Amino acid sequence: MTTSRLPICPDLLLDLDGPVLKLTLNRPDVRNAMTHELVRQMIEVVAWLEDHAEVGALVIRGAGGTFCAGGDIKGFMAAFRAPKPAAGQPDPIMADNRRFGSFLLRVEALPQTVVVAVEGAAFGGGLGLACIGDVMICTGDARFALSETGLGIPPAQIAPFVAARIGISQARRLALTGMRFDGTEAGRIGLAHEVVADTAALDARLDRLLGDIRRCAPGANATTKRLLMAGRTTPLPDLLDQSSAEFARCLRGAEGQEGVAAFLDKRKPAWVAGA
């Protein structure tokens, strides 16, 4: 597989292992709290992935036994100490906050299958980041919270993704109480797809998941993901028309021909053999 060089991101650990890119938030001394710079680096990685559809999966996790403690509070302090904008001028805090929402949208729309592995804390923006995974696994003792309201602010860019994941009723319960809950509860309400005992089990389950993903054709996965996401806004008859066109395109394409031929020949398709 030929790919261009990964971006240089000091606050991230990036490991390209065949068709899988592993991204690790790497600020363990502050529990991987997100700064403007960390988000900027993640946006760079997303832009790289958008141009490398041959990479089939993205894994997101945190270093030091913690996923992400949310936004860096020092950044909030600096923001509200800055001069207020003149009358009629946009507030730079608004633009900065919206940038995080745009980042989450881009991750959700990636052609890659996104797997999020959570241990330790996933608070605030960290919980929002966990919600955009196609698959999310966590340890039973992981800790979650929509903690923003306890700071006097709303989970503005995060709330829509949380509600899409677990439903508006559960999102209201979490956001309007700021309650902390563990991985077992995350599994019960549908935030996490799978809950495992500890870090060793998390690593083992992640390896098996990536093995499953490698058996899927990258292009077919990207198309399937796009159609599933379109179902949120596209009327069903239009979606079925779109889906039939995509089915025909894929069946006539290189992956479809290889997949069918491999099945008939009782062998692994090329994307599995080469992984």
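# Close-up views of the predicted model

**View 1. Ala-122, with a relative accessibility of 0%, counts as buried.** Here, buried means under 20% relative accessible area, exposed means over 50%, and partly exposed covers the range in between, calculated with a 1.4 Å probe on protein chains only. The model is predicted, so local features need pLDDT of at least 70 and side-chain atom pairs count only at pLDDT 80 or more, whereas totals for chains, interfaces and linings use all residues. Residues are numbered from 1 along each chain as its sequence is written, and side-chain values use heavy atoms, with hydrogens and water left out. Ala-122 belongs to strand E5, residues 121-123, where helices (H or I, at least four residues) and strands (E, at least two) are DSSP runs numbered from the N terminus. Although Ala-122 and Phe-144 are 22 residues apart along the chain, their C-alpha atoms are separated by 4.9 Å. When residues up to four places away in sequence are not counted, Ala-122 touches Phe-67, Cys-68, Leu-127, Arg-143, Phe-144 and Ala-145, a contact being heavy atoms within 4.5 Å.

**View 2. Glu-148 is a buried acidic residue that has no salt bridge.** This residue is placed in the loop between strand E7 (143-145) and helix H5 (159-166). The nearest side chain of opposite charge is that of Arg-180, 11 Å away; for charge, Lys and Arg count as positive and Asp and Glu as negative, while His and the chain ends are not counted. A salt bridge is a side-chain nitrogen of Lys or Arg within 4 Å of a carboxyl oxygen of Asp or Glu. Apart from residues up to four places away in sequence, Glu-148 touches Gly-124, Gly-125, Ile-153, Pro-154, Pro-155 and Ile-158.

**View 3. Arg-165, in helix H5, is likewise buried without a salt bridge.** The nearest side chain of opposite charge, that of Glu-108, is 6.6 Å away. A polar atom of the Arg-165 side chain does, however, lie 3.0 Å from the backbone oxygen of Gly-133. Leaving aside neighbours within four places in sequence, Arg-165 is in contact with Ala-130, Cys-131, Ile-132, Gly-133, Met-136, Gly-190, Leu-191 and His-193.

**View 4. Glu-37, Arg-40 and Glu-44 are linked in a network of salt bridges.** Glu-37 and Arg-40 pair with their closest N and O atoms 2.6 Å apart. Both residues lie in helix H1 (residues 36-50), three residues apart, which is about one turn of the helix. Glu-37 is partly exposed, with a relative accessible area of 34%, and Arg-40, at 32% relative accessibility, also counts as partly exposed. A search of the whole structure finds 18 salt bridges.

**View 5. Arg-61 and Asp-203 meet through their side chains in a salt bridge, at 2.9 Å from N to O.** Because Arg-61 lies in strand E3 (residues 57-62) and Asp-203 in helix H8 (residues 199-214), the pair ties together parts that are 142 residues apart in sequence. Arg-61 counts as buried at 16% relative accessibility, whereas Asp-203 is partly exposed, with a relative accessible area of 33%.

**View 6. The side chains of Glu-185 and Arg-173 form a salt bridge, at 2.8 Å from N to O.** This pair links distant parts of the chain, with Glu-185 in helix H7 (residues 183-188) and Arg-173 in helix H6 (residues 168-175), twelve residues apart. Glu-185 counts as buried at 17% relative accessibility, while Arg-173 is partly exposed, with a relative accessible area of 28%.

View 7. The buried residues of H9 are Ala-222, Thr-223, Lys-225, Leu-227 and Ala-230. What covers these buried residues includes helix H3 (92-108), strand E4 (113-118) and helix H10 (236-252).

**View 8. The structure holds zero disulfides, a disulfide being a pair of cysteine sulfur atoms within 2.5 Å.** Cys-216 is in no disulfide, and the nearest cysteine sulfur, that of Cys-250, is 13 Å away. For Cys-250, the closest cysteine sulfur is that of Cys-216, at a distance too far for a bond. Cys-216 counts as partly exposed at 33% relative accessibility, and Cys-250 is partly exposed as well, with a relative accessible area of 24%.

Terms used. Polar contact = N/O pair within 3.5 Å; in protein donor to acceptor, adjacent residues only side chain to side chain.
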